[in-house]
Structures are given as structure tokens and as C-alpha cells.
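Biologist: I get lost when I try to take in a whole protein at once. Could you pick one part and walk me through it slowly, along with whatever sits around it?

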Amino acid sequence: MPELPEVETVRKTLHQLALGKEIKSVSIYWENIIKHPRDPEEFQHLLQGQTIRDINRKGKFLIFQLDDIALVSHLRMEGKFGVYDSHEEKPAHTHVIFHFTDGTELRYNDVRKFGTMHAFPKGEEAVNKPLIQLGPDPFDEAFTLNYFHQKLKKTKRNMKAVLLDQSIVAGLGNIYVDEALFRAGVHPERIANTLTLEEAERIRNASIRVILEAIEQGGTTIRSYLNSQGEIGMFQQKLLVYGKQDTNCVNCGTPITKMKVSGRGTHICPQCQPLHTHG
Ligand SMILES: [Zn+2]
């Protein structure tokens, strides 16, 4: 699943390829992708004649800023956007096509069909689901140590679950949560309301560092998210625990172990991330 840095790579690529293009019409082949407005014809009507003025991102959501409309899209497991010439063959699993007036088109491809699109009159996207449910991005000004520590104090969930909760901090998924907790030296099963302010600060700082570094490297893409223009993310080489089970910890040499936490495959160094602190 793409996380914040991968979505940011997609955003930058689409920004280069699709900015300034005017939507002539929209073809919808799988209606369940369209979540708002519920009526696909209304969705098509809203987007017709709109030009892509900017492309933003919040958490793992892409936000296409059109003339009067904001289109919010989540790629979920396997969603991919690509810009093609309209004559290029349409591959299987292409569910939505935005036809541009210049003869090119933006295609949304999704093998799993879990992706979503919400269109709102501009401004309303921020005060409606899904964006209203999102916490700040890790590097947003709103993600202060005080905000984060207050959130931790209010929950008895473990840290893995808390960091995956998009309403607390947006954009972190399985890969970057494991990497951040390792860098912070905190066990993923630690209960949130038992963390000290100092531990919260280590996790906050590590989350910001990991995400910014991953953005710089273009993410950790194993496959390309944009078919023809796909760029491979280089953060793969910077991973210290994710997918590193049975290799030695870079800090202490202890083998990295893989376990299940909150139902998710989780990678830790048992030495650097003790569950019980001995004092
Ligand atoms: Zn270690």
C-alpha cells in the first residue's frame, strides 16, 4: 500500500503531467470507486469543463484542485494514476478515465478496486469525510509534541496501532511506523498512555525524519505506481528493520525479528526496542 512518501511521488509526477489540462468528459467503468456525489452522472457533470489548477496531498490522499471542484482520491492497496495518449490501448482494470481536450487522458487503474474518489465544490472537501477525519501530516506545524503527547495520554492502545491511526497522524503506514519506532527505540506493543514525554518526543522526531527522508528518496516503491512514468523509490535502501528479519541490527548486531502487532507484520530489534524498561 502506498504511504505518504509514495503518494507524494505520485503527486509530483501528476503535477508535471496533468497540470493545466481541461477535462472534456469522464468515463466510469466501475461505479463503486466514486463515493461522492453518489450518482456517477452527477460526478461526471461536476468535472466536465474543469481544468486541473493544482494537485495537493494530505496524508495518503491526493487532492486535484480544479476551477470550482476539489477531487479527493485515495489509492488504497493498488490504485494507480497514469497519463496516456487516448489512442494507447486501455489495459484491464482501468476503472475511471478523465479525457482531456488535448487528446491525452488521465487513467485510474486499480486491480483491487479499493480506491476512492470524492468530488466537492472547492472548500467543502476540507470539512467533509474523508479529509475531516485526518490528523496532521507528521511535518505539519499542528503535529506538535504537546498535541501528540495529549493524544497518547488518552488511549490504552499500543503504539503500532496509534501511529497507524490516520486521525492522530496522517500518512504513516506499516513500513514507516516500524522504521520510526525502531529509530525511536520504542517497542510497538508499548501502551500509549504509559509513554513519557521524552519517549513521545523521540517517536515524533523519528516519524518526521523518516517521512521527510523517504519523500526525498521518492518513497519505497517496490513497483511503480504510475505505469509509463513510474519512478522507483530509493528509500528501500534506507530501511533498517522493515523486511529485514534475520539480518543484524545496525546499532547492536542483534537479529531483527518479525512479529504480529495489531494484526500487522511488525519488525523490531528486541535489544534496541525493549518492551519492559529496566531501571
Ligand atoms: Zn539493535
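**A ring cluster and its surroundings**

Modeller: Let's start with Phe64, Phe81 and Tyr108, which ring pairs link into a cluster. (Rings of Phe, Tyr and Trp, for Trp the six-membered one, pair if their centres lie within 6.5 Å; planes under 30 degrees apart are called stacked, over 60 edge-to-face, and anything else tilted.) Keep in mind that this is a predicted model: local features need pLDDT of at least 70, side-chain atom pairs count only at pLDDT 80 or more, and totals for chains, interfaces and linings use all residues. Residues are numbered from 1 along each chain as its sequence is written, and side-chain values use heavy atoms, with hydrogens and water left out.

Searching the whole structure turns up five aromatic pairs. One of them is Phe81 with Tyr108, a tilted pair with 5.0 Å from centre to centre and 55 degrees between the planes. Phe81 sits in strand 6 (residues 80-85) and Tyr108 in strand 8 (residues 104-109), so this pair ties together parts that are 27 residues apart in sequence. (Strands here are DSSP runs of E with at least two residues, helices are runs of H or I with at least four, and both are numbered from the N terminus.) Phe81 counts as buried because its relative accessibility is 1%, and Tyr108 is buried too, at 0% relative accessible area. (Buried means under 20% relative accessible area, exposed means over 50%, and partly exposed is in between, using a 1.4 Å probe and protein chains only.) Another tilted pair joins Phe143 and Phe148, with 5.2 Å between centres and 50 degrees between planes; both of those rings belong to buried residues.

How much of strand 8 is covered? Six of its six residues are buried. In a regular strand, side chains alternate between the two faces of the sheet. Here Thr104, Leu106 and Tyr108 point one way, while Glu105, Arg107 and Asn109 point the other way, and all are buried.

Strand 8 has strand partners as well. Strand 6 runs antiparallel to strand 8 and is joined to it by six bridges. Strand 7 and strand 8 make a hairpin with three residues between them, and Gly103 in the turn has a positive phi of about 90 degrees.

What else lies around here? Strand 8 is part of what covers the buried residues of helix 1, and that cover also includes strand 3, strand 4, strand 6, helix 5 and helix 6. Helix 1 is mostly covered, with 11 of its 15 residues buried. Among those buried residues are Leu4, Val7, Val10 and Leu14, but also Glu6, Glu8 and Arg11. From first C-alpha to last, helix 1 reaches 20 Å, close to the 21 Å expected at 1.5 Å a residue. (The expected span is 1.5 Å times one less than the number of residues.) Helix 1 (residues 4-18) lies across strand 3 and strand 4 (61-65), running at about 175 degrees to strand 3. (Axes are lines fitted to C-alpha atoms, for helices over the stretch in contact, and angles run from 0 to 180 degrees between N-to-C directions; contact means heavy atoms within 4.5 Å.) After helix 1 comes Gly20, whose phi is positive, near 85 degrees.

Helix 6 (residues 197-216) has 20 residues and spans 29 Å from first C-alpha to last, close to the expected 28 Å. Its buried residues include Ile203, Ile208, Val210 and Ile211. The buried residues of helix 6 pack against helix 1, helix 3 (145-153), helix 4 (159-164) and helix 5 (174-184). Gly218 follows helix 6, with a positive phi near 80 degrees.

Definitions and conventions. Two strands pair if DSSP finds at least two bridges between them.
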